[in-house]
Structures are given as structure tokens and as C-alpha cells.
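Subject: Structure for your review

Dear colleague,

Please find below the structure that I am handing over to you. I would be grateful if you would read the notes that come after it with the structure open beside them.

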Amino acid sequence: MDGLGKKVGYLKGLMEGMDFSNDPSSEKLMKAMVELMGDLCDRVNSLEELMDDLNDYVESIDDDLSELESERDGDFRFMDDENENEYFDDTDENEDRLHLLGGKAEEVEDETLAGAICPDCGRMFFVGADDPENALYRCPHCGSRVSPDPLTPENAPIARPEDPA
């Protein structure tokens, strides 16, 4: 906004060249208006500097976010017990996956799961979403053979944060 400062300076010069001998009140008014314009010009300049700093900060946040998104969308690295890198690639979501269950490795197909509540112990576990509605399951918590209740917002267990006291 260097142009504003120059314009205010030009107005000051014009005002100084004017003859206010017949009307001193007009001179006071003009001086006050030019002074106000100068103050406003200074404020605009400082706001522009703050906006430039803010834009730089937002750009750095955007760069950081882009970097995080590219890490999320690319290959993931996890550290195993020996601190060696292992790479996991989810390129084909429909291929069989290797899962560790009880110390044994077994191949299982991807399956959509649904939450269920055991009618005996009231604890939640997962069942296959495509399983028949009247299927029986063994509850992993209490061991009962049950036909579980479907998980709904009304019966879902909800965790609440503890007081740090």
C-alpha cells in the first residue's frame, strides 16, 4: 500500500500550499482529515504485514498437511521388535490377508463385520455382517452359546473419559 502513503503525502502538500487565512476552521478540519488518513494508512500497512505473516503460516500448515496425507496414502512403515522396517501395501483389498490368531498364522478372507451384544453377559463382540440372522455364536467373553442382539445406538457401550484426579 505504498500508493496510499504517497497519496496522503500529496494531500498534505496540497493542504500546506493552500491559503486558509480567511477560514482557520477549514484549515483545522483539513489538517485533522489528512492526519486521520495518515493514521489509517499506517494501520492498513500493519494489517497487510500481519496478513502476509498469516498467509506464510497457513502455507506451512498446508505443506505439513500435504506431507501427512501423502504418507497416509502411500506405503506405511511399521517398526517390528527388532527395529527393522516392514512394509505393508494395501493395493488389492480383495486378496486374502494373513492374520495372527493365538500365535498361529492363518489366511482369512476380508469380511465385513457387525457389532453384537451377548444377551448373557452384555458384552460386545463382532460377527459377520453377512451371517444368517438366527445364527448361533460362542461369546468370546463368557463362553455361552448365544444368538446375539444386534448392536444399536441404544445398547452400544460408550466409553467416557476419566477425571484425571
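The notes below set out what was found, beginning with the chain as a whole and then turning to particular residues.

Overall picture and confidence

Please bear in mind that this is a predicted model. The mean pLDDT of the protein chain is 78, and 76% of its residues reach 70 or more. Over residues 75-106, however, the pLDDT is below 50, although this stretch has 37 contacts in the model beyond near neighbours in sequence. Where pLDDT is low, the predicted coordinates should not be read in detail.

The protein chain contains 2 helices and 9 strands. Read from the N terminus, the order of elements is α-α-β-β-β-β-β-β-β-β-β. Of the 165 residues in the protein chain, 12% are buried. The protein chain exposes about 14100 Å², of which carbon and sulfur atoms supply 51%. Among contacts between residues at least 6 apart in sequence, 25% join residues at least 24 apart.

An open sheet is formed by 3 strands in the order S6-S5-S9, with antiparallel pairing. Its edge strands are S6 and S9 (149-150), each of which pairs on one side only. Strand S5 covers residues 113-117 and strand S6 covers residues 124-128; the two pair in the antiparallel sense over 5 bridges.

Beyond S6, aspartate 130 lies in the loop between S6 and strand S7 (137-138). Aspartate 130 counts as exposed, because its relative accessibility is 73%. Aspartate 130 and alanine 114 are 16 residues apart in sequence, and their C-alpha atoms are 8.8 Å apart in space.

Nonpolar cores

The largest nonpolar core is made up of 8 residues: Ala116, Cys118, Phe125, Val127, Ala135, Tyr137, Cys139 and Val146. Leaving aside residues up to four places away in sequence, phenylalanine 125 touches several members of this core, including Ala116, Cys118, Tyr137, Cys139 and Val146. Other residues that phenylalanine 125 touches include Gly115, Pro140, His141 and Pro148. A second, separate core has 5 residues, among them Val8, Phe20, Val34 and Cys41.

Cysteines

The cut-off applied to a pair of cysteine sulfur atoms is 2.5 Å. Cysteine 118 is buried, because its relative accessible area is 1%.

Cysteine 121 is likewise in no disulfide, and its nearest cysteine sulfur, that of cysteine 139, is 3.7 Å away. Cysteine 121 counts as partly exposed, because its relative accessibility is 31%. The structure as a whole holds 0 disulfides. For reference, a disulfide is a covalent bond between the sulfur atoms of two cysteines.

Yours sincerely

Definitions and conventions
Residues are numbered from 1 along each chain as its sequence is written. This is a predicted model: local features need pLDDT of at least 70, side-chain atom pairs count only at pLDDT 80 or more; totals for chains, interfaces and linings use all residues. Side-chain values use heavy atoms; hydrogens and water are left out. Two strands pair if DSSP finds at least two bridges between them. Helices (H or I, at least four residues) and strands (E, at least two) are DSSP runs, numbered from the N terminus. Buried means under 20% relative accessible area, exposed over 50%, partly exposed in between (1.4 Å probe, protein chains only). A nonpolar core is a set of buried Ala, Val, Leu, Ile, Met, Phe, Trp, Tyr and Cys residues joined through side-chain atoms within 4.5 Å. Contact means heavy atoms within 4.5 Å. Accessible areas come from the Shrake-Rupley method with a 1.4 Å probe; for residues, only the protein chains shown count as cover. pLDDT is the predictor's confidence in each residue, from 0 to 100.
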